[in-house]
Each structure stands twice: as structure tokens, then as C-alpha cells.
Amino acid sequence: MSQWIYVGLFFIVGLIIPIGAIGAAWILAPKRPNPIKQTTYECGIETVGDSWVQFKAQYYIFALVFLVFDVETVFLFPWAVKLGQLGLFAVVEGIIFILILVAGLVYTWRKGMLEWA
Amino acid sequence: MTTETLIWLIPLPPVLAFFLIVLLTNKSKWLSHTVGVGAAFLSWLASMIVFFRAVSVEHLGEHPFESSINWLPTGNSWFEIGVLIDPVGAAVLFFVSITIFMIFLYSVGYHNFGQPAGDHDRAGLPPHGATVEEHGHKHVVPSVEPMYSRFFAFLGLFAFGMYVLVVSDNLLTMFVGWEIMGLCSYLLIGFWYGKESARNAAIKAFMTTRVGDVFMLLGIAFLYSATGTLTFREIFTEETLHMLAGHTTFFGMTVSGFIALLLFIGTIGKSAQWPLHVWLPDAMEGPTPVSAMIHAATMVSAGVYAVIRMFPLLTADMHGHGLTVTMSIVAFIGAFTALFAATIAVAQNDIKRVLAYSTISQLGYMIAAIGIGAYVAAAFHLITHAFFKALLFLGSGSVIHGMEHGVLHTGNHKVDPQDMYNMGGLRKKMPITFWTFLIGGFALSGFPLVTAGFWSKDEILADAFGHGHWAVFITLAVAAFLTAFYTMRQITLTFLGEPRTEEAKHAQETPWTMTTPLVVLSFFAVTYGWVGIPEHFPLLGGLVPNWFHDFVGHTLAEVPETPEFSWIPLLTSLVVALGGLTLGWLYYRNVKSVSEDKLQIPLLKNKYYFDEAYDFLFVKPAYWFAENVVYKLLDQRLIDGILHISGPTTGGIGKFVREKFDLPFINELVGDGSANVTYWFGGKLRAVQTGRVQQYLMLALVTFIVIGVALYFFVLS
Amino acid sequence: MTGEQIVFLVVALFTLGSGFMVVTTRNLVHAALWLVSTLFGVAVTYAVLDAAFLAVVQVVVYIGAIAILFIFAVMLTRKDVRDQGPQMNKNWWFGALLAVMTFGGLYFLLQGWSGLSKTAAAIPAGFDAVAELGNELVSPAAYVLPFEVASVLLVAALVGAVYVAFNPRSGK
Amino acid sequence: MVPLSWYLIFAAALFSLGLFGVLSRRNAVAILLGIELMLNAVNINLAAFWRYGNVMDMAGQVFAIIVFAVAAAEVSVGLALVISVYRRRNTVVADEIDMMKW
Amino acid sequence: MSFWNDPLKVAADWLLGVFTGWGMPEMAANILIGFLGVLLLITVLMVLDIFLVWIERKVVARFQDRLGPNRVGPFGLIQPFADIIKLIIKEDTTPGGADKVVYNIAPMLSMMSVLILWAIVPLAPTILGVDLNIGALYLIAAGAIGTLSIIMAGWSSNNKFALIGAFRQVAVMVSFEVPMLTMLLIPTIFAGSMGMSTIIEKQDVWYVFLAPLAAVIFLIAAIAELGRAPFDMAEGESELVSGFNIEYSGMKFGMFYAGELLHAFTFGGFLAILFFGGYRFFGLEQVSPFLAIAVIVFKAFIGYWIIMWVKYTLLRIRIDHMLAFNWKFLTPLAFSLLMVVALMNALLANAPIWLYISGMFLSNVAVAWAALEIARSVSRREREKVEGPKQVVEVGH
């Protein structure tokens with residue numbers, strides 16, 4: 001618990017510093033907005049439509065694969081910490097675990113879902 | 001390697017083969033069947049080693065091979081699973097491993113490995129043949145199965161299920177194997193899913209066996225709550241059985257009897273006993289006959305095996321020779337099924353369906369034997385039957401395969417290669433198939449002295465007679481007569497006489513991968529009977545020791561005594577077997593076509609829907625909730641058919657069942673009544689089904705809260 | 001009231017407030033961002049509970065992956081609901097009633113439980129939760145099966161999701 | 001020291017909030033957001049019981065981790081379903097997704 | 001215990017005495033001291049950050065054969081301060097239609113995600129920061145907040161370029177996080193702990209000698225995580241102008257920019273901690289904590305310099321290549337390496353130390369060699385498919 005207080009302090013100070021910097025800028029900087037200034041920047045060309053463009057489904061796929069491997073590593077960290085004292089059997093269990101997940105990656109790969117096109 | 005380790009390893013190769021084929025090798029037919037057959041061979045080898053080690057051990061019954069590991073923590077102890085090979089297990093393992101290995105080998109030939117791909121074959125449909133050009137003119141040759149690899153994968157999973165069932169030492173893993181097989185039978189029956197009939201048959205088989213399985217699961221749960229264990233050796237101790245037999249539960253039955261009854265209902269489903277037998281004939285929609293054989297010779301044996309395993313439970317509350325309630329039910333269902341299926345088999349023209357009904361009938365034999373306490377006889381018949389029925393199924397597959405060759409040759413696809421009236425005279429075209437089929441058929445009929453079927457059937461009859469169960473004895477004797485009769489009818493129509501069609505003339509012997517299993521199995525179909533010749537049998541008794549009785553009998557705590565030798569059952573079985581065979585041959589040897597058969601005249605008009613008519617008559621009891629309307633239409637056509645098919649006996653039974661039971665009770669009261677009630681409720685409740693998840697959830701939650709509050713106030717306080 | 005209690009109350013209120021915004025805010029991206037702050041609050045709760053590993057895992061999994069996935073999904077299904085139109089279905093009052101009843105029921109049941117006012121024992125010195133977890137996860141006497149099954153589950157989810165959402169046969 | 005009841009009531013409240021979201025939001029993605037809240041509430045309970053029970057018994061934390069995996073699986077498949085439905089039927093409103101009726 | 005051996009404790013004790021002397025409760029005093037310490041560290045970091053701007057500009061100038069800033073102050077040293085003044089007094093525009101709250105929070109979160117990383121950096125044997133036993137995961141957790149800030153910035157700007165840039169950046173970041181996480185497991189396996197200080201304590205042999213491939217993969221993943229060249233497609237000026245931060249100006253932009261530089265330096269530090277022994281350098285750290293700090297800062301600068309070196313040497317990679325490189329090469333390689341290392345670790349557990357080291361090193365080299373060979377043959381086949389000299393086959397007579 002106590003060490004988390006210091007982590008919390010880092011969070012707080014980590015927020016205070018940028019807030020201070022931005023706040024200083026907010027106080028010092030001139031503010032004279034007009035509609036032309038506030039248009040979005042698209043290399044000087046008039047904006048057409050809003051920013052909601054059709055997105056590739058691939059973004060979702062990459063996030064999906066990432067999510068799966070992310071959760072996987074969560075399982076693997078305790079395994080890795082204890083590995084030195086656990087012996088070969090635990091190593092094999094972990095390897096089976098990884099291989100099952102790699103099979104998922106291979107499936108996604110074979111399905112052509114990892115292509116950007 | 002210790003025997004225990006080896007037993008653990010037996011089920012593994014097929015399941016590894018399953019995953020290998022599914023995940024990796026399914027592109028290559030050669031690799032897939034190599035993996036599959038190789039795995040079956042490994043399991044067979046391990047099983048043989050285990051079997052011979054088991055045979056060489058003294059007092060295996062008291063000290064079986066067993067080993068177990070912790071599986072699930074249950075509070076402060078563990079639920080253990082493990083393996084067990086006792087005498088019964090060893091004997092069953094012996095035939096299971098051989099038949100499974102033979103099936104694998106046979107499938108290679110049956111699915112036309114090495115033939116070209118079909119012209120217009122699609123996955124999910126049987127292959128139609130491929131055109132090849134040879135020396136300038138075109139031939140149509142059999143084409144290879146499009147889903148060849150998949151078949152071996154399914155077979156592998158199936159074998160895994162069967163091995164798990166045989167080697168497991170507790171009801172839970174046994175049930176797991178049981179359900180794996182249920183799944184595989186669904187997959188294999190529906191293997192040609194492009195055919196609607198196959199799809200329906202698959203669903204039918206799955207659903208019907210499920211009815212039994214639910215009761216079986218209830219039985220397992222009850223047993224667990226009553227004893228706290230599911231391990232056989234722990235249940236079958238003196239104290240536990242005594243405890244179970246000492247308490248009464250629903251309907252005034254003892255706990256042991258009630259549990260045994262529930263478990264037996266599972267067997268009814270699995271072993272296709274009346275009234276849940278309906279799925280088995282339809283299961284012949286699977287790739288002929290490999291999966292049919294699986295269902296008929298291997299999987300259905302699992303049901304009987306389960307009852308044999310549960311025998312101590314069944315007889316726990318038995319005193320002297322009087323049958324308990326459960327045993328009476330078992331004996332009745334077995335005997336009734338034996339007779340009833342035999343009468344149907346007489347009128348079938350499809351070569352596989354005859355065998356399917358025959359299987360039901362023979363399983364009824366075993367069940368009846370268990371019901372009257374003839375433990376060893378049931379196990380004996382289970383094993384001999386598995387050998388000769390596997391032989392017959394593979395033989396019929398070989399016949400069909402040969403006939404398909406003829407069909408491809410003539411190009412007349414309207415000819416049904418499975419209809420026996422299209423065959424005839426095949427003994428010259430397919431000599432190996434003929435001789436092996438003959439052996440199998442004679443074994444099934446119980447041809448005296450030389451065949452295995454005689455010894456096992458005789459032992460059942462002797463037991464029934466010796467313990468004074470007259471009704472069972474007579475029923476089984478009549479069934480045995482019919483068995484011999486239809487077997488000879490089948491052999492006569494298929495192999496003897498002259499070819500009745502052009503296709504039959506061009507039938508061809510099948511490749512070695514198909515005939516080798518036939519030869520191997522026919523060897524066992526003859527010789528396996530010799531290990532169980534009763535000691536007091538005239539002349540032969542004592543020449544070979546009655547090893548089987550001695551070996552298997554020791555599974556039980558007290559070895560069952562053999563009944564006194566008596567001439568009456570022996571003479572009966574001689575008379576019914578020989579009489580049935582002779583009559584069948586005399587009757588059908590002159591039949592050149594369907595029209596010349598005086599007894600079969602009504603069949604001319606109704607040639608095709610006899611199967612369905614029978615099906616629907618006897619499907620009804622199990623299916624009264626499903627297909628009311630359809631069979632009402634067919635009912636009208638039934639009576640004529642029944643009266644003329646196989647003489648007054650069958651007709652009488654059919655009419656009796658129909659008029660006294662089906663029409664008043666099932667159709668009107670249960671069938672229509674329940675349908676009306678369901679319809680009414682459906683109409684009222686339709687409004688609730690909005691299809692919206694959130695509303696469902698709300699409803700569930702409201703129910704939950706209401707029930708929770710009610711429970712809290714009325715039960716807890 | 002001790003410092004820990006104050007911390008807990010602040011965190012709990014922050015979490016519940018964010019959670020309330022998740023279920024009520026109209027803009028879905030905002031809802032997802034509020035979810036992030038709720039989940040961060042839960043992570044802090046774990047930290048207060050001395051479950052350090054759970055706390056970071058919470059941030060890594062939920063904020064690092066699940067929230068991103070939500071935002072991507074919102075973007076991909078964006079054209080539909082927009083910010084106009086009602087965000088609640090017409091039975092929302094009933095849903096609210098049920099939620100309140102559920103909370104009331106849980107509260108009521110908790111009241112009657114004897115272990116409620118339990119206080120935590122001090123963590124033994126030298127106790128390493130992560131190492132202990134590693135031990136439990138791979139020891140055959142404990143959770144090795146769930147450990148392996150978890151990977152199967154994840155792969156099944158991956159395969160299922162890829163297949164369901166982007167089956168090439170269904171096309172666009 | 002914070003008593004156990006605080007955590008349990010906090011979790012119950014979070015659970016009910018999530019339940020409200022699940023029952024009342026029109027957008028299927030928002031329903032999934034509600035489910036996340038409910039899963040987290042469960043996890044708080046697991047962690048709290050671990051801390052207030054026997055600390056040496058890691059069952060609570062192991063379960064919590066497995067809930068993470070389940071949540072990940074649930075979200076990935078759930079959102080994939082939503083996207084799939086959106087692509088076919090151009091809607092993510094839960095009320096309009098009632099094909100299951102037929 | 002003198003100030004020179006344990007400055008932190010001496011200062012803290014002194015302050016505690018002062019604060020309690022003022023009548024403050026001890027706990028509050030401790031927290032206040034902690035707060036001051038954190039404030040001090042972060043202030044130093046921000047000052048360092050300002051000089052990082054100068055260093056970066058100087059170094060890139062040298063790489064490109066220029067002089068770099070040299071007008072304001074000696075060697076242009078005052079230049080970054082001028083930049084800051086400019087950033088502060090620059091008019092801060094917010095695009096119309098932007099989601100103002102999210103738009104303003106994003107740069108703060110971005111900066112914070114970097115600063116909180118320093119909570120777990122051990123600067124010297126006695127200056128450990130917060131010695132969390134889940135340090136490695138904390139690193140990823142902080143990265144998750146950074147990812148979130150980018151998507152918030154891109155979404156709230158109401159600008160197509162920004163949104164696309166953010167999406168790409170996030171896709172790259174989450175993708176490369178997988179090999180990074182995996183490589184974090186390797187020091188964890190060696191040290192038997194995720195805590196940074198334990199990892200340093202156990203590094204009697206730098207882990208880079210045990211697992212050189214892991215260090216390389218970690219470096220690559222870190223560069224991608226930072227969004228720096230060659231993995232800076234997300235802000236590719238030629239097509240996306242500036243990526244997710246296109247609409248930001250003034251100090252808010254400054255936060256993103258400073259955040260990125262500090263992030264790079266921080267990753268240099270983590271590379272040093274995880275694979276190059278952290279503050280340890282032939283017992284130098286035992287002499288004085290200040291020397292230890294100097295060692296780790298020096299190592300971090302070397303890491304930072306490598307990252308710059310890569311940035312200004314390599315060309316930008318197309319996004320599809322980038323992701324394919326990750327999922328089809330780096331991730332499988334990382335998993336293979338993890339499995340090999342875990343296996344070797346178990347097999348060589350009781351081996352003498354020289355055998356352990358050489359075995360690990362050789363297995364790493366073997367994995368790297370095999371991966372490169374596979375990649376080479378695959379790419380040769382691919383190349384031949386596209387452009388290669390097709391063999392002319394005579395078609396039958």
C-alpha cells in the first residue's frame with residue numbers, strides 16, 4: 001500500500017507539471033480566435049464532410065490480436081517470475097500455452113487477416 | 001513400461017490422429033489414412049499386450065490392473081479418474097481393438113483410395129464415379145471419397161471414445177467416452193450431409209440416444225449423491241452395495257435397483273433397444289457400411305458393456321434366483337426386442353437394414369441374458385456377436401461395393417445396389433466375400449458346434465432354461481428361429497442362385513484392404529466360440545477348458561455357477577438354428593425375382609415403403625411427441641402390409657400393438673393431446689418472444705428476483 | 001476515519017461517478033473514455049487492496065487493450081447511432097428499477113452476513129503475490145488446467161471474432 | 001482500516017450500474033460497456049475476498065486473472081458480433097437486432 | 001551514514017525533523033517529503049528534457065552534415081529556452097468542432113504517461129524510486145496510458161488527418177507492444193522478479209550477453225512504441241502532415257513533443273536497466289550514489305543516442321510493411337526466443353556459470369540466425385514471384 005502512495009504522487013505530479021505548463025501558456029498566450037483560424041487543417045483545402053471516415057476493419061483486427069496476446073502475457077508474467085524454481089515441467093506447460101496462442105496467430109495469418117490491404 | 005501406463009496410453013493414438021488429421025494432414029489423403037491406420041494399429045498393439053498380460057495374471061478379478069489420478073477437487077477430497085482392466089474389460093478390449101483396427105483398414109478400400117477424383121463429386125455426397133480413358137474408350141470407375149481425410153479423423157475420435165469407455169474405471173469418464181461416441185455417430189451418420197435423409201438420420205440418432213443419456217446422467221448423479229464416488233471398484237464393494245440395496249426410494253424400488261434402471265435407460269438408447277431402437281436402422285445412411293458397422297458392432301456394444309459393468313448394482317438386492325423389479329424390466333425389454341426386431345428383419349430387402357434389425361435383435365439377447373442374471377453368457381455373446389456382426393457388416397459393405405461396381409459399369413443409376421432382389425449369384429463373382437459372409441451368417445444363426453454364435457447363444461438359452469425363466473426362454477428361442485430364417489434368406493437372395501440383374505453380373509471382388517478384415521474377422525467368428533464350451537457338454541465338453549467362463553466370471557465377487565446341463569435347451573437351439581436355416585433356404589432358393597415369391601406378393605405393390613411403414617409403426621412410441629400427422633397418413637397403409645409380410649405371427653403382434661396400444665393410448669391421448677397443449681401454450685407465449693436480448697434479460701432477472709424473494713421468505717425463514 | 005478510508009472513499013466515488021457516466025452519456029466515445037476512468041478507479045482499488053499485480057494488469061488489459069478495442073469498434077460502427085436520438089430504450093425505467101432492486105437485494109443479503117465487518121490481516125513479510133501466483137498457475141495440484149484452458153479460450157475468441165466479423169464470404 | 005463491507009457494497013453498486021447499462025442502452029456497444037462494469041464489480045469482490053480471507057490462498061487472484069481472460073474473450077467476440085451485424089444490417093441498436101426470434 | 005553515501009535518506013531525515021518540528025503529523029510529513037522528492041525528480045527531468053531538444057537538434061545536424069543551433073548562447077545552448085518562450089506565448093487555437101475537454105486532456109496524459117515511468121527507475125542502490133515487484137508490467141501499463149492519449153488527441157481534433165494518424169499510430173503501438181511484452185519476460189525469467197531493482201541486482205552478467213537477441217528486439221519494439229523513424233508512419237509529413245497532433249499548437253504541442261523526446265530517453269534508460277546492468281558498472285555504483293546516477297544516465301544517453309542514430313539513418317517504412325514485419329516476423333521470433341530461453345534456463349539450471357552464459361548466448365545466436373535464414377529464403381521466393389527471372393519452360397511439342 002505505502003509504495004503505491006508514491007506511485008500516486010508520481011501520477012499527481014506528472015499531471016501537475018503539464019497542467020502548469022499549459023496553464024502558463026493559457027495565461028500568457030494571446031487569444032483572438034476567428035472562424036478561419038478554427039477550421040481544421042487539411043493543407044489549405046476546404047474540409048469536406050466530417051472527420052468520420054470509413055475505417056479499415058484491419059485496425060480492429062490488430063487491436064484484437066493485441067488484446068489476446070496482452071492477456072496471454074499477463075498469464076505468463078507470474079510463470080516467468082517463478083520459472084527458475086519450477087523446473088522443466090512448468091516450462092513445458094508454458095510452452096504449450098504459448099504454442100496454443102501462436103496457433104491462433106497462425107490462423108489469423110492464414111486467413112489473410114494480417115494483411116493491410 | 002508397466003501395464004498400467006500402457007492402459008493409459010491405449011486411447012491416445014486415435015485422438016492424436018484426429019487432431020493431426022484435422023489440423024495438419026487433411027490435405028493429403030495418403031498421410032491422413034496412414035496416420036489414422038497407424039494410430040489404430042498402435043492402440044491395437046497396446047491392447048493386445050495388455051490383454052495377454054491380463055490373461056497371464058492369476059486372480060485378475062481380485063487384483064485388476066488399475067491406476068488413477070486426482071482430477072477434480074471436491075471439497076476436501078479429490079474426484080479421481082483412472083483406468084481399470086479387469087477380466088471383462090480385457091475381454092472387451094480384445095474385440096474392440098481388433099474390430100476398430102479392421103474398420104480403419106477396411107475404410108481405405110471402401111472409400112476408393114487410389115482412384116481418381118470424381119467427375120462431379122462434391123463434399124457431402126457419396127462419390128458418383130469418375131470417367132477415365134483407357135485404350136481409346138471411356139470407362140466409369142469408382143471415384144475417391146471427397147472428404148476422405150475427414151472420415152479418418154472422425155474414425156479416430158470415435159476410436160478414442162470407445163477406448164476411453166472400455167478402459168475407464170469410473171462412470172464419469174465412461175460417460176465421457178460414451179458421449180464422444182454419440183457425437184461421432186452423429187458426425188458419421190451425417191457424413192454425407194448433402195443427402196437430406198442422412199441429415200435427418202443423424203439428427204434422429206443423436207436425439208434418440210440423448211433421451212437415454214439424460215436418464216443415464218440422472219442415474220450417475222443419483223449414484224454419486226448416494227455413494228460419493230463413481231469408481232466401479234469402490235461402488236461394488238460389499239458394504240456399498242448392501243447400503244444401496246437396503247434403502248428404498250421412488251416407487252418402492254431399492255436405491256440400487258432404481259439407479260440401475262436409470263443407467264439401463266441409457267443403454268436402451270445406446271444399444272437401440274425397444275422403444276428407443278428407431279435410430280439404428282436409419283443410421284445405415286452413413287457411408288455404407290463402415291460407419292454402419294461402427295454403430296452396429298462397436299458402439300451399440302458399449303450400451304451392453306455398460307450394463308455388464310453395472311451388473312453388481314443390478315443384482316444388489318437380489319435374493320436367490322428371484323428376479324428384482326429392475327431385472328424383470330431388463331429381461332422383458334431384452335427378450336421383447338429380440339423377438340420384435342427379428343420379425344422386422346424377415347421382411348427387409350435392403351441388405352444393411354436386415355443386419356441393422358438383426359443387431360437390435362441380438363443386442364436384445366444380451367440384455368435379456370443380463371436381465372435373468374446370466375452375466376457370463378451376456379458378455380460371451382457380446383464378444384462373439386461383435387465379431388460375426390462386424391464380419392457381416394463389412395461383408396455387406398463389400399457386396400454393396402461390388403454391386404456399385406456393376407452399377408457404374410452399366411451406368412444405370414436407378415438400380416439400388418443395396419437391394420437384395422437386385423443381387424443373386426454373387427458367390428461366383430465375389431468368392432471371398434461369399435465364404436466369409438457365409439461364416440458370419442452361420443455364426444449369427446447359431447450353426448451348431450463350429451460357429452461362435454452357437455456357443456454363446458446356447459449358453460444364454462441354457463441359462464434361461466436352467467434358472468427357470470420360461471417366458472424368456474421361449475421368446476428367445478422363437479427369435480433364434482427367425483434369426484436363422486432371415487439370415488438364410490439373406491444369403492440365398494444375395495449369393496445363391498443366378499444373377500437377377502445386369503449389375504449383379506458385373507459385380508467385382510473388392511480390393512485386399514477390404515477382404516483382409518473379412519478373413520481376419522471370420523477366423524474369430526468361428527474360433528472365439530471354442531473358448532467358452534460348457535464343461536458338461538456332451539462329447540465336446542472338457543476337451544477345451546471353459547476358459548471364458550472362468551476368466552470373465554471372476555470379475556464378480558462370487559463366480560456365477562453354470563446351470564446344470566440339460567438336453568432341452570441344447571435340442572432347442574439345434575432345432576431352431578438348423579430349422580430356420582433349412583426353411584429359409586427351401587423357401588428362397590427358387591425365388592428368381594420378387595414376383596415369383598408367393599409369400600411376397602403384396603410386396604410387389606408396396607415395394608418401397610415397407611421400411612417406412614415399419615419404421616413409423618415402431619418409431620411412434622418414441623416419437624409420439626414429434627411426428628403425429630405424418631404417420632397418421634401412413635397408418636392407413638400399414639395393416640395390409642403387416643398382415644402379409646411374414647405370416648400371422650408378425651402380423652398378430654403388429655396388429656395387437658397398434659390397436660390396443662398405439663391408436664387409443666399414444667395417438668389420441670398422448671400424441672394429439674400433448675400436441676394440442678403445446679400448440680395452445682405456444683400461441684399464448686408467442687408474445688414473450690420478442691427476439692430482443694435486453695427484454696429476455698429483464699424477464700430472466702424479474703424471475704430471478706421473484707424466485708429469490710420467495711425462497712428467502714418461504715424457505716429460509 | 002483513517003487515511004486509507006479517505007482514499008478508498010474518494011476512489012469509490014470517482015469510480016462510481018465515472019461508471020454512472022458510462023451508462024448515461026450520449027456520446028459513445030465519451031462513454032468509452034469514462035469506462036477507462038472507471039477501470040482506472042478499479043485499478044486503484046486493487047492497489048488499495050494490496051493486489052499490485054491485479055492493479056497493473058487492470059491497466060494493461062483494460063485501458064491498454066479493451067478500451068482501444070471499444071473505441072475502434074465505435075469508429076467502425078459509427079454511422080449508425082451518432083449522438084442524436086434516444087440512447088436509452090423505452091424500457092429504461094424498468095431497467096433502472098431492476099438495477100436498483102438488484103443493488104437493494106445485494107445490500108440486504110450482505111447485511112445479514114456475519115463476515116461483513118471482517119478486517120484484513122497484515123500481509124506476511126516476504127510474501128510475493130506474483131511468485132505465489134506463478135506457483136499456483138503451473139502447479140498440477142492447483143490451476144494448471146485453467147491456465148492452459150485460458151489460452152484455448154483466448155484462441156477460440158480470436159478465431160471466433162476474426163471469423164464472425166470478417167468472414168470474407170459475407171463481403172461488405 | 002477499511003472494512004470488507006465497503007468493498008462489497010462498492011462492488012454491488014458498480015454491478016448494478018453495469019446492469020442498468022446492459023438493460024437500458026440502445027446501442028449494442030454500450031451494452032458491452034455495461035457488461036465490462038459488471039465483470040469489474042465481480043473482480044473487485046474476488047480481490048477483496050482474497051485480501052480479507054487467507055492471503056496465502058491465491059484462489060481469489062487466480063480467479064480474477066481468469067476473469068480478465070474471459071472479459072477479453074467476451075469483448076472481442078461481442079464487438080466482432082456487433083461489427084458483423086452492423087455490416088449486414090447497418091444497425092447497432094439492440095432492439096433492432098431481433099433475428100434470433102426466427 | 002553521510003550525505004555522500006545515502007543522500008536521499010539524509011535529506012529525508014532532515015526534512016522529517018524539520019516538518020515534525022513544525023508540528024506536522026509524521027505520516028503527513030512523510031507524504032510531503034515524498035511529494036517534494038517526486039517534484040524534484042520530475043523537475044530535473046523536465047530540465048533535462050529541455051536539453052534533450054538541444055541535443056537532438058545538434059545530433060541530427062551532425063548526422064546531416066550541418067551545424068545545428070549555434071546562435072543563441074554558446075553552442076546554441078540557450079536555443080531550447082527560446083523555443084519554450086515561443087511555445088508559451090504562441091496563440092493556442094482549438095479547431096471548431098473539437099471535443100474541447102478531451103482535446104485538452106490528451107497532451108497532459110501524454111506527458112504524464114512518460115513521467116510516471118520514472119517512478120520505477122532505480123537511479124542508485126539507495127535511490128530506488130518505488131520498488132514495485134511488478135515493474136515490468138508497470139512499464140506496459142504506462143505505455144497503455146500513452147496509447148490512450150494519442151487516440152484521444154486524434155479523435156478530439158475533428159480532423160481526418162489527425163484521426164487517421166492516431167489510428168495508425170495506435171495500431172503500430174499495440175502491435176509492437178506484443179514483442180515488447182514478450183521480451184520483458186526474458187529479464188524476468190533471468191532475475192526471477194519483475195522488479196527493476198531486483199533485475200539490476202541480479203545482473204552480475206549483463207543480460208545483453210545472455211540474450212542479445214532479446215535486447216535487439218526490445219530496442220526495435222521500443223522505437224516503434226515511440227513512433228520514431230523508421231516507424232513514424234503515423235506522422236508521415238508527406239501524407240498525414242503531422243499525424244495525431246496536427247491541430248495542436250503552442251504548449252500543447254510542446255507537451256507531445258517533449259513527451260516524445262523524454263520517452264525516447266526513458267526507453268534508453270530501460271534498455272540500460274533491463275539489459276545493460278542499470279547503474280552497475282564494475283562496482284562503481286558502490287563508491288557513491290552520485291557515481292551510480294552518472295552511470296545510469298550515461299547508459300541511458302547511449303541508448304538514446306542509438307535510437308537517434310536509427311532514426312536519422314533509416315528511411316521511413318510503409319505501414320503495411322511495418323505491421324507485417326511485426327506480426328509475421330518479430331512476434332513469432334519473440335515467442336520462439338521466449339520458448340528457447342525458458343527451455344535453456346531450465347536445462348542449464350544446474351550448469352556451471354560459464355556454460356549457462358555461453359549456452360544462452362549461443363541459443364540466442366542460433367535463433368537469430370534461423371530467423372534470418374527463414375526470412376531470407378521467404379523473401380527471395382516472394383521477390384522471385386514478383387520480379388525474379390522466370391525460367392523459360394519449353395512447352396511440349
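**Close-up 1. The contact between chain D and chain C.** Chain D puts 63 residues into this contact, and chain C puts in 79. Two residues count as in contact if their C-beta atoms, placed from the backbone, lie within 7 Å. The model is predicted: local features need pLDDT of at least 70, and side-chain atom pairs count only at pLDDT 80 or more, while totals for chains, interfaces and linings use all residues. Residues are numbered from 1 along each chain as its sequence is written, and chains are lettered from A in the order in which they are written. On chain D, helices H1 (4-24), H2 (28-52) and H3 (59-89) each supply at least two residues of the side that touches chain C. H3(D) gives the most, with 21 residues. Helices here are DSSP runs (H or I, at least four residues), numbered from the N terminus. By class, this side of chain D has 44 nonpolar, 12 polar and seven charged residues. Nonpolar means Ala, Val, Leu, Ile, Met, Phe, Trp, Tyr, Cys and Pro; charged means Asp, Glu, Lys and Arg; the others, Gly among them, are polar.

**Close-up 2. The contact between chain C and chain B.** Seven residues come from chain C and five from chain B. The chain C side has three nonpolar, four polar and no charged residues.

**Close-up 3. Helix H1 of chain E.** H1(E) covers residues 7-21, 15 residues in all. From first C-alpha to last, H1(E) reaches 21 Å, close to the 21 Å expected at 1.5 Å a residue. That expected span is 1.5 Å times one less than the number of residues. Gly23(E) follows H1(E), with a positive phi near 95°.
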